[in-house]
Amino acid sequence: MLKSLFLLFICIIGIPIYAVCVVLLFVIGAIFGLSYVDSSVYVCEYVQPIFTAILALVFFIMALRKFSIIYRHKAWDKVILLFVCCVTYIAILGYCIKEFIQRISTYSGMSKRQIFDFVVQKLNDIGDNYPKGIINLPHGDSVTYGYIMANIEVYILPISIVLLCGLIQRYTLNKQ
């Protein structure tokens, strides 16, 4: 039941975000004269973990600056909520740094096409854990439902979690 609710949530939130991200990759490619493969490798494999880590670090620092104020006011519900956000930031920051270093190591000596093919295979392997289904794309290609869910899990979920905690933090800090 919990897994089904999680999948439903991911579908409702994640698939539109995924679609926007794919369009963004095409736009970035057009702006910088890159192919979809090149922009995908640069943005998804290198920029995404760095950007997510920096965002988590910025939100963590902002939370620490306000943590003592909330603690002194003995607003325990806000203290606990902010603490959970801080732990989440640290976890995502560590995950992103680990992923970035691992990607640099794994991809050394590979061309961008080799990296892209490697990542597609990895995402298909992750996607095998999701329910089966095929989505036909407007330009004639098709992708599996699991492939899209794996993309959401690997690339969109970490930054979404950071942004969600940032909203919670913002709400908590504004209500003090």
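A contact means heavy atoms within 4.5 Å. Among contacts in the protein chain between residues at least 6 apart in sequence, 69% join residues at least 24 apart. This is a predicted model: local features need pLDDT of at least 70, side-chain atom pairs count only at pLDDT 80 or more, and totals for chains, interfaces and linings use all residues. Residues are numbered from 1 along each chain as its sequence is written, and side-chain values use heavy atoms, with hydrogens and water left out.

The protein chain has five helices and two strands. Helices (H or I, at least four residues) and strands (E, at least two) are DSSP runs, numbered from the N terminus. Their order from the N terminus is α-α-α-α-β-β-α. Of the 176 residues, 36% count as buried. Buried means under 20% relative accessible area, exposed over 50%, partly exposed in between (1.4 Å probe, protein chains only).

Now the charges. A salt bridge is a side-chain nitrogen of Lys or Arg within 4 Å of a carboxyl oxygen of Asp or Glu. The count comes to four. One of them joins arginine 103 and glutamate 45, with the closest N and O atoms 3.5 Å apart. This pair links distant parts of the chain: arginine 103 lies in helix α3 (residues 76-107) and glutamate 45 in helix α2 (residues 36-72), 58 residues apart. Both arginine 103 and glutamate 45 are buried. A network of salt bridges links Glu45, Lys98, Glu99 and Arg103.

Elsewhere, aspartate 117 pairs with arginine 113 in a salt bridge, the closest N and O atoms being 3.3 Å apart. About one helical turn separates them, because they are four residues apart in helix α4 (residues 112-127).
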